[in-house]
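Open the model in your viewer and keep a selection panel at hand. The stops below say what to select and what is there.

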Amino acid sequence: MDENTGIFYGLSILVVALSFLFAFYLYFWVKKKKTENKEIERISLLIKEGAVTFMRREYRILFRFAFIFFLLITLLLPAPIWNGNVMNNLMMGISYILGTAISALAGRIGVLVATLSNARCAEASEKSMKDAFLIAFRGGSVMGILVVGCSLLGVALVLMITSDASVVLGFSFGASSLALFAKAGGGIFTKTADVAADLTGKVELNIAEDDPRNPAVIADNVGDNVGDVAGMGADLFDSNVAALASSVVIASSLSGSYNNIGMILTYSFVGIIASCLGIACARMKKEGEPTRALNASTYTTTAIFIILTLIITLLVDGFSIRIWLSSTTGLIVGVIIGLTTNYFTDDRCPVVKKVAKASASGSAFTILSGISYGFISAFPAIIGIAFSALISYKLCQGMGEGYALFGISMSAIGMLSIVGMIISNDAYGPIVDNARGLAEMGGLSENAIKTADELDSAGNTVKAVTKGFSIAAAGLTVISLLGAFLTETNEALLSRGLPVLTGFDLMAPEVFFGILAGSAVPALFSAMLILGVDRNAQKMVKEIHRQFDEIEGLREGKANADYNRCIDIATIGALKELIPAGVMCIVTTLVVGLIGGSEAIGGFLLGNITVGLLLALMLSNSGGLWDNAKKYVEAGAEGGKGSHAHQAAVIGDTVGDPFKDTAGPSINTQITVVSLVASLTSSIFALFSIF
């Protein structure tokens, strides 16, 4: 590491340290808010204990799994230990474990802060929407800052210690593999409880969403934290690290790698600065709208990043304006994709109202319209990703060999530059969702429940937007990971004096075989997760029926439900279901590579990316659309609560739950994982295949 490169590493670590101090300030600011309602405090503690118990049991399983991977990586990568350098393999294994541990830590801290914030947000809703909003947003921001800070810190430390870009892929694989299982497990848990609670409560018993008589209600609130806070945090941590890793791998193979890596680190820490400033400026007027306040913070962060990076690019010798344009293109496209997602999922827009109106004719029309609009919503997002990749490629094509792929990777860095703000918005959602339930179960006034409802509605809209943004970011990231795979493969080929790959011929049988195999994986992966929710939700519905039949006085509210039994069902079911789907993706990638070699893996990644993005966007947006259509009906449209339209909308929301919170957002992690597996094992596939 030369002196100039050390400056970039030093600035990165300094910014990360300052951002962590800001996160601690926000944490203590939230913690100082008083909680006076004993019932809310008691229920909040139940939610916290349930979330911590689930995560402890989940991480115990995942760390056993991670240890097996650590041994395999140490023995086989980047080359078999008996043929290669022992220290290189050990560093790759340690880097993998580090990525896994940091991802787990960020998720655990996020859940603890979210469960600290929910009760305070609920009680603040009794006094003012402005105060309740700020508590929820700042609570979520702790998670946002920690995730983006840990991403840059981990990558910078691995690079500083090893000076080997390939080892960063190990760190990224650690983050991605944990994210895959955490998102799948958390998603299955949360939707098991949500589906069971809705079907028995709203459809069968016609009771409120957070009625304490429903045995699944606490499990539902626990699920919001383990699925949307820990799971989504791990997901975006994974995307951010993968974007950094692919950029570093490509940059290290180019001329002027000092300037290229310097730009990656600089743009990343400027993104942290922009996110912190955007969070600090976030406010809601006394009579304002929470959705508008959240969006304004995102736009502020975006503007700060674009301006600061432009100034730095013009001032620092060796930084290219073409790279800045690529980065800015990615960020602007990300914001536009967020806006299009908002159009298809916000209850103030016509699409949600059309689905609500269709619900008046029955649940079949709710499902048909929701799926159709979900597919339509994928079109502008995928075109946006393609446009961003094409523009970035063309902008940097003339800079030298390999720079076109580097431009795409920097476009992904740009899109993910404001990820601190995106995660803050996303974590806000489950906090206000919990707060709404606590307000009802804690016996707060109708005005407090109404305030919490408004905050929750904004959270649902923003969650849909952040899911669209994260899927789009994963799309650009895996395109750049495809470039990293090509770079790693060619290095292996060159080391043996073999001809390098310049691309993938779609008519070659190995490539076509890979495309078909890769296209099938996201569909099978989604089915496995949704069936997991289906099986577990059926068990929980039976348990809810049992409690209402056997616990005397529960139906009348004179006895307490056994909440822990439902939490156990969700926990055991989620832990049982989370491993098979993830293992299937990894094993399939390895089998395809061993059968068809590097060219088959290139096709596999192309098919997996294309179909995966389509399914992820359709599933996430359809689910968000159904959720807000239900809330729109519950607000009084199409006959309001208890109407035929309401029952149909609840069915749509129930179908959409595993779409938007289990399968959809997990697919983008899946395509990242298989891309990293391909890059890490590229030397094996380059030198060996059956055909």
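**Stop 1: a charge over a ring**

Select R138 and W29: the charged end of R138 sits over the ring of W29, 4.5 Å from its centre. For this label, NZ of Lys or CZ of Arg must be within 6 Å of the ring centre and within 35 degrees of the ring normal.

This is a predicted model, in which local features need pLDDT of at least 70 and side-chain atom pairs count only at pLDDT 80 or more, while totals for chains, interfaces and linings use all residues. Residues are numbered from 1 along each chain as its sequence is written, and side-chain values use heavy atoms, with hydrogens and water left out.

**Stop 2: S19**

Select S19, in helix α1 (residues 3-31). Helices are DSSP runs of H or I with at least four residues, and strands are runs of E with at least two, numbered from the N terminus. Is S19 buried or exposed? Its relative accessibility is 2%, so S19 counts as buried; the cut-offs are under 20% relative accessible area for buried, over 50% for exposed and partly exposed in between, with a 1.4 Å probe and protein chains only. Residues up to four places away in sequence aside, S19 touches I145, I272 and C276, where contact means heavy atoms within 4.5 Å.

**Stop 3: aromatic rings**

The structure holds 18 aromatic pairs. In the pair F65 and F69, the ring centres are 5.0 Å apart and the planes are at 55°, so the pair is tilted. Rings of Phe, Tyr and Trp (its six-membered ring) pair if their centres lie within 6.5 Å; planes under 30 degrees apart are stacked, over 60 edge-to-face and the rest tilted. F65 and F69 are four residues apart in helix α2 (residues 38-76), so about one helical turn separates them. Both residues are buried.

**Stop 4: the largest nonpolar core**

A nonpolar core is a set of buried Ala, Val, Leu, Ile, Met, Phe, Trp, Tyr and Cys residues joined through side-chain atoms within 4.5 Å. The largest has 225 residues, and C121, F173, I218, F406, Y428 and M540 touch the most other members. Helix α16 (residues 563-634) gives the most to this core, with 27 residues. Now select Y428: beyond its neighbours within four places in sequence, its contacts include F133, F137, P290 and L455.

**Stop 5: the whole chain**

Zoom out to 18 helices and zero strands. Buried residues make up 64% of the 691 residues in the chain.
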